Amino acid sequence: MQRLADRISAVFVPVVLLIAAATLGAWLGATGDATAAFTAAVAVLIIACPCALGLATPTALMVGTGRGAQLGILIKGPEVLESTRRVDTVVLDKTGTVTTGRMTLQGVHPAETADATELLRLAGALEQASEHPVARAVAEGAAARVQGPLPATEDFVNMPGLGVRGVVEGHEVLAGRARLLEEAGVELPEELLRTAAGAGGLTAVFAARDGKALGVLTVADAVKDTSAEAVRELRALGLAPVLLTGDTRAVAEKVAAEVGVTEVYAEVVPEEKVSLVERLQAQGRTVAMVGDGVNDAAALATADLGLAMGTGTDVAIEAGDLTLVRGDLRVAADAIRLARRTLATIKGNLYWAFGYNVAALPLAASGLLNPMIAGFAMAFSSVFVVFNSLRLRSFS
């Protein structure tokens with residue numbers, strides 16, 4: 001928008017100078033009255049002064065971003081606002097974005113060759129080194145149920161989207177999705193797979209020690225009270241919501257049904273999240289991504305518009321274009337509405353500033369506009385642009 005105003009001004013200013021010179025020459029030639037000729041020429045210069053054109057964009061941006069900050073929407077740069085007008089698809093991360101991210105350990109199901117205490121001690125010790133909400137739930141649940149402190153973990157490795165591995169009490173321990181254990185050559189007993197499949201809307205965390213399955217832990221995460229309303233608001237803005245998660249399809253579809261999302265992608269690792277965003281873009285869709293975790297950072301950076309939850313990780317916030325301070329998904333809809341309102345205000349300012357000058361030029365050139373009145377009118381156009389921008393302060 002600002003570049004457009006600059007391009008217009010680059011042409012408009014020399015054209016006005018030529019019109020003023022032509023007005024002076026025409027009046028001198030037609031009447032020979034130097035006073036009237038100079039009066040008309042000066043009136044042309046004054047009324048066409050592009051002050052309002054220069055103020056149109058920055059005043060609206062300043063007020064719009066300021067109002068956004070008051071509402072908990074931090075905008076990294078003005079170009080972000082222009083990205084929002086083209087967005088037609090919004091990809092929603094599940095954990096911590098649509099759901100609370102405050103998971104709790106629900107069930108402990110050891111394999112036949114292990115016991116519940118051993119499963120909790122080893123899995124809890126390993127997961128306490130991770131920052132993922134599922135890992136925290138397992139670690140906190142294990143600490144509450146096992147007597148004494150959990151053992152320390154060495155050689156900890158986080159495998160985004162799959163799980164974690166490390167050495168606990170001299171044993172190599174794995175914890176995460178079934179895919180992680182299968183890729184490590186761990187054979188999962190049929191009863192554990194049935195337990196995980198029958199967990200419904202619960203997240204299943206498999207654990208193994210030294211290449212043998214220990215059991216499966218089930219974790220629950222509640223949907224935020226405002227998520228369903230937020231999805232409805234996003235739909236009302238013309239956006240198609242998509243749910244994206246590394247969790248199982250059963251969990252993903254349960255959450256999607258609760259909030260009203262029909263397009264679901266489950267069991268997606270971080271690299272696949274980026275691929276999904278790129279695939280949607282290749283279909284001609286303009287994609288906004290809303291996420292909060294380390295696993296979402298690359299997708300946030302790849303999307304046309306990245307919205308990071310302020311309650312999430314620093315790397316996600318750094319990768320996003322907008323930060324939603326409150327962690328409420330409804331603020332995503334507010335951010336898009338505010339950006340669109342700001343753009344509409346900028347367009348209105350530019351239309352007024354340019355149209356006002358063009359309409360008044362013939363009056364000034366014909367001698368119907370006194371330079372003092374032209375000065376007042378020119379100042380009024382700048383004041384109008386400022387007050388029009390200030391209307392954004394009432395956005396709610």
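Analyst: Strand E4 and strand E5 (residues 163-168) run antiparallel and are joined by five bridges. Two strands count as paired if DSSP finds at least two bridges between them. Strands (E, at least two residues) and helices (H or I, at least four) are DSSP runs, numbered from the N terminus. The model is predicted, so local features need pLDDT of at least 70 and side-chain atom pairs count only at pLDDT 80 or more, while totals for chains, interfaces and linings use all residues. Residues are numbered from 1 along each chain as its sequence is written, and side-chain values use heavy atoms, with hydrogens and water left out.

Two positions show how E4 and E5 line up. Methionine 159 stands opposite glycine 163 in E5, and glutamate 154 stands opposite valine 167 in E5. The hairpin of E4 and E5 has three residues between the strands, and glycine 161 there takes a positive phi near 85 degrees.

On to the next pair. E5 pairs with E6 over six bridges, in the antiparallel sense. The bridge partner of glycine 166 in E6 is valine 173. The hairpin of E5 and E6 has two residues between the strands, with glutamate 169 at a positive phi near 55 degrees.

These strands belong to an open sheet of six, in the order E3-E8-E7-E6-E5-E4, with antiparallel pairing. Strand E3 (104-110) and strand E4 (153-159) are at the edges with a single partner strand each, so one side of each has no neighbour in the sheet. Neighbouring strands of this sheet are turned by 20 degrees against each other on average, direction ignored; axes here are lines fitted to C-alpha atoms, for helices over the stretch in contact, and angles run from 0 to 180 degrees between N-to-C directions. Helix H6 (residues 116-127) packs on the sheet and touches E3, E4, E5, strand E6 (171-176), strand E7 (203-209) and strand E8 (212-220). The direction of H6 makes about 70 degrees with that of E8. Contact means heavy atoms within 4.5 Å.

Strand E11 (residues 287-291) and strand E12 (residues 305-309) run parallel and are joined by four bridges. Methionine 289 has glycine 306 as its bridge partner in E12.

The area buried between domain 1 and domain 2 is about 560 Å², with carbon and sulfur atoms giving 48% of it. Buried area is the accessible area (1.4 Å probe) that two parts lose on being put together, summed over both. Of the area that domain 1 buries against domain 2, Met1, Arg340 and Leu343 supply 82%, more than any other three residues.
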